[in-house]
Amino acid sequence: GMTSDMENKNEGGEGLWGDEDADGTLSGITLYRGETLLELTERWRLLHTKLYDEDDDEFDLSRVPDVHDNVRFDMLHNPHLGLTATLEKLYRLAKLMADCVVPQEYGTTIEEKRGIGNKMCGALLEK
């Protein structure tokens with residue numbers, strides 16, 4: 001699972017320290033738009049579960065853009081968590097992978113790209 005010593009420490013000694021309150025949040029920590037640490041942890045746990053299937057030992061690369069977006073979100077909105085160095089490493093990796101994965105979402109051949117483009121434009125024009 002994802003629970004490990006990494007929750008209390010990570011490379012460079014940065015991260016969240018202290019005991020958790022009964023409601024699952026650390027006292028004094030305020031997150032963007034009122035998100036709790038419990039919700040943040042659950043958001044990342046769910047993303048991990050969707051990205052990596054432990055039973056099959058397989059990754060779902062279609063989830064890479066979600067990792068990229070979540071890393072950017074926490075870098076921008078929750079820098080006070082002290083995870084900047086870790087998030088920067090993850091961001092670099094997620095961006096490299098997203099740059100490979102995202103273009104394929106719109107097809108790999110010219111025919112696929114045209115077909116997907118037609119469907120997307122058609123749906124937009126109907127609005």
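How many salt bridges does the count come to, if a salt bridge is a side-chain nitrogen of Lys or Arg within 4 Å of a carboxyl oxygen of Asp or Glu? The count by this rule is seven. The model is a predicted one, in which local features need pLDDT of at least 70 and side-chain atom pairs count only at pLDDT 80 or more, while totals for chains, interfaces and linings use all residues. Residues are numbered from 1 along each chain as its sequence is written, and side-chain values use heavy atoms, with hydrogens and water left out.

Helix α3 spans residues 84-101, helices being DSSP runs of H or I with at least four residues and strands runs of E with at least two, numbered from the N terminus. Its 18 residues reach 25 Å from the first C-alpha to the last, close to the expected 26 Å, where the expected span is 1.5 Å times one less than the number of residues. Leu 87, Ala 94, Ala 98 and Val 101 of α3 are buried, and they lie on the same side of the helix because they cover an arc of only 55 degrees around its axis, the arc being that of the directions from the helix axis to the C-beta atoms. Here buried means under 20% relative accessible area, exposed over 50%, and partly exposed in between (1.4 Å probe, protein chains only). The face of α3 turned away from the buried side carries the exposed residues Arg 92, Leu 93, Leu 96 and Cys 100.

The cover over the buried residues of α3 includes α2 (64-77), contact meaning heavy atoms within 4.5 Å. Helix α2 has 14 residues, and its buried residues, among them Val 67, Val 71 and Asp 74, pack against both α1 (37-51) and α3.

Asp 74 also belongs to a network of salt bridges that links it with Glu 35 and Arg 43. Within α3, Asp 99 forms a salt bridge with Lys 95, their closest N and O atoms being 3.1 Å apart, and these two residues are four apart, about one turn of the helix. Asp 99 is partly exposed at 43% relative accessibility, as Lys 95 is at 33%. In helix α4 (residues 110-126), Arg 114 and Glu 111 are three residues apart and therefore separated by about one helical turn; their side chains meet in a salt bridge (3.6 Å, N to O), and both residues are exposed.
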